[in-house]
Amino acid sequence: MAKLLGGRVETAETSEYGNAELHMDAPNSVLFRNVPETTVCWMSHRDRISVLPPGFRVTAHTPHCPIAAMENAARKLYALQFHPEVLHTPEGAGMLTRFVREVCECSGTWVMDSYLEEQIKSIREQVGGGRVLLGLSGGVDSSVAAALLSRAIGKQLVCVFVDHGLLRKGEAEQVAAVFGPGGGFDLTFRPVDAKERFYRALAGVTDPEQKRRIIGEQFIRVFEAEAKALGSIEFLAQGTIYPDVVESGTGSAGAVIKSHHNVGGLPKDLSFSGLVEPLRPLFKDEVRTLGRTLGLPEQLINRQPFPGPGLGVRIVGEVTPEKVRIVQEADAIFREEMERFGADAGAGQFFAALSNLRSVGVMGDSRTYDYAVVLRAVQTDDFMTATAVRLPYALLESVTNRIVNEVQGVNRVLYDLTGKPPATIELE
């Protein structure tokens, strides 16, 4: 806004990431009404406004950002350098509410039921009488997408569950129990055991972006093969949500944070005529709300998020069946101990990952040279930002002891305290 309207934007001398102290310069601004003179906001920037556009005034600043907010009230133009939409800006929801209600003069009568009705209509118009193939992982996004598509088109929906060998321990069995025969869902459930195919494709690959692309490509190829086997499948459906779009740099001026296997449209050589993405505009908390509106059980709606590439992005470096085994067993122990200590409710997402670090250890009378497992637990509302959870030391000690003693190939356990930003929630 500053650049287009005659101001100047320059690279900041000091970048700001994470919590920053926000000072009000114009408490009479409609956005900052009833906001304390000093509050906390969430910053993530390397650039800043050095010269205001004509007609604007500064309304807030931080120690490293002299123009953290500006406005031209006469033209109803308001700009914030920080993120008001995240949980870590405590006054942000109020700022957004006042902008929507008082500046934009919206009535605030929209509810998730409206989105559901709009999407059902949109899906039916797009699909017509065609059949839709959905990759069902059992995670929140794909499950809500399946429920929504089922509501819209019924038996025209075919759900394929691909076991790529990168799932959490026992997850394949759990997905089959929920969505397979006798699970209570009126859909066609087709399980595909593709472990060896994915392991072969990932052999020797260490770059995280290349791993993501390979996993995404293999998914597409498996779906294409299933579509051919099923005959007359016109559309591919995906549980893409808005953070996937933002982080992949698709549809915005943002840089690519990481590629997502379900973002970027259909490959040119794919034999589907269209892509159905009913969750694309939604954040994770909105997806959960939609799931409740659709009547999905809380156990499924509140399930731990799991990335599309699975353990492929929780294993730093090359992916091998042995490394997958280590992560699966360590992660299962972590989840068990989190539940036993009652700490699982305090974390938005937690998991064990495998670093590429190997170090010397001593177990019994033997010298070992094994891997280091990394534990990660974060608190987040929208998954665009996150802070590390301060887990009890007794819990961390218990998890560490169990992993080192029970998981062959591990002699060291680390805990990741980095927030997002500057890190991402996943390791790769």
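## A buried glycine

Gly 317 counts as buried, at 5% relative accessibility (buried is under 20% relative accessible area, exposed is over 50%, and partly exposed is in between, with a 1.4 Å probe and protein chains only). Gly 317 sits in the loop between α9 and α10. Helix and strand labels here are DSSP runs numbered from the N terminus, with H or I runs of at least four residues for helices and E runs of at least two for strands. From Gly 317 to Asp 370 you count 53 residues in sequence, and the C-alpha to C-alpha distance is 15 Å.

A bit of housekeeping: this is a predicted model, so local features need pLDDT of at least 70 and side-chain atom pairs count only at pLDDT 80 or more, while totals for chains, interfaces and linings use all residues. Residues are numbered from 1 along each chain as its sequence is written, and side-chain values use heavy atoms, with hydrogens and water left out.

## The second largest pocket

The second largest pocket comes out at about 720 Å³. A pocket, on a 1 Å grid over the protein atoms alone, is an open set of points where a 1.4 Å probe fits, with protein on both sides within 12 Å along at least five of seven lines; lining residues have an atom within 4 Å of a point. Grid points are joined across faces, edges and corners, and the volume is the space filled by probe spheres set on the points. The lining has 21 residues, and the closest to the pocket centre are Gln 174, Gln 299, Arg 303, Gln 304 and Arg 335.

Three helices each supply at least two lining residues: α4 (171-179), α9 (298-301) and α10 (321-341). The largest share, 5 residues, is from α4. Sorted by class, the lining splits into 8 nonpolar, 5 polar and 8 charged residues.

## Helix α6, end to end

Helix α6 covers residues 208-230, which is 23 residues, and at 1.5 Å a residue it should span 33 Å. The expected span is 1.5 Å times one less than the number of residues. The end C-alpha atoms of α6 are 33 Å apart, in agreement with that.

At the start of α6, Asp 207 puts a side-chain oxygen within 3.2 Å of the backbone nitrogen of Glu 209. The cut-off for a polar contact is a pair of N or O atoms within 3.5 Å; within protein, one must be able to donate a hydrogen and the other to accept it, and residues adjacent in sequence count only if both atoms are side-chain atoms. Just past α6, Gly 231 has a positive phi of about 80°.

How many disulfides turn up in a search of the whole structure? The search finds 0, a disulfide being a pair of cysteine sulfur atoms within 2.5 Å. For Cys 41, the nearest cysteine sulfur is that of Cys 65, 8.5 Å away. Looking from Cys 65, the closest cysteine sulfur is in Cys 41, and 8.5 Å is too far for a bond. Cys 41 is buried at 0% relative accessible area, and Cys 65 is buried too, at 1%.

Asn 34, at about 70°, lies in the loop between β1 (8-24) and β2 (38-51), and it is exposed at 72% relative accessible area. Lys 76, at about 60°, lies in the loop between β4 (65-72) and β5 (77-80); Lys 76 is partly exposed, at 45%.

Then there are the cis peptide bonds. Lys 420 and Pro 421 are joined by one with omega of about -10°, and the bond from Pro 421 to Pro 422 is cis as well, with omega near 15°. Pro 421 is in the segment after β14 (410-416), and Pro 422 is in the segment after β14 too.

## Sequence gap versus space

Where does Ala 353 sit? It is in strand β11 (residues 349-363), and it counts as buried at 1% relative accessibility. Ala 353 and Leu 375 are 22 residues apart in sequence, with 6.3 Å between their C-alpha atoms.

Phe 383 is in the loop between β12 (366-379) and β13 (387-388) and counts as buried at 11% relative accessibility. Phe 383 and Glu 406 are 23 residues apart in sequence, with 32 Å from C-alpha to C-alpha.

Notes. Nonpolar A, V, L, I, M, F, W, Y, C, P; charged D, E, K, R; others polar.
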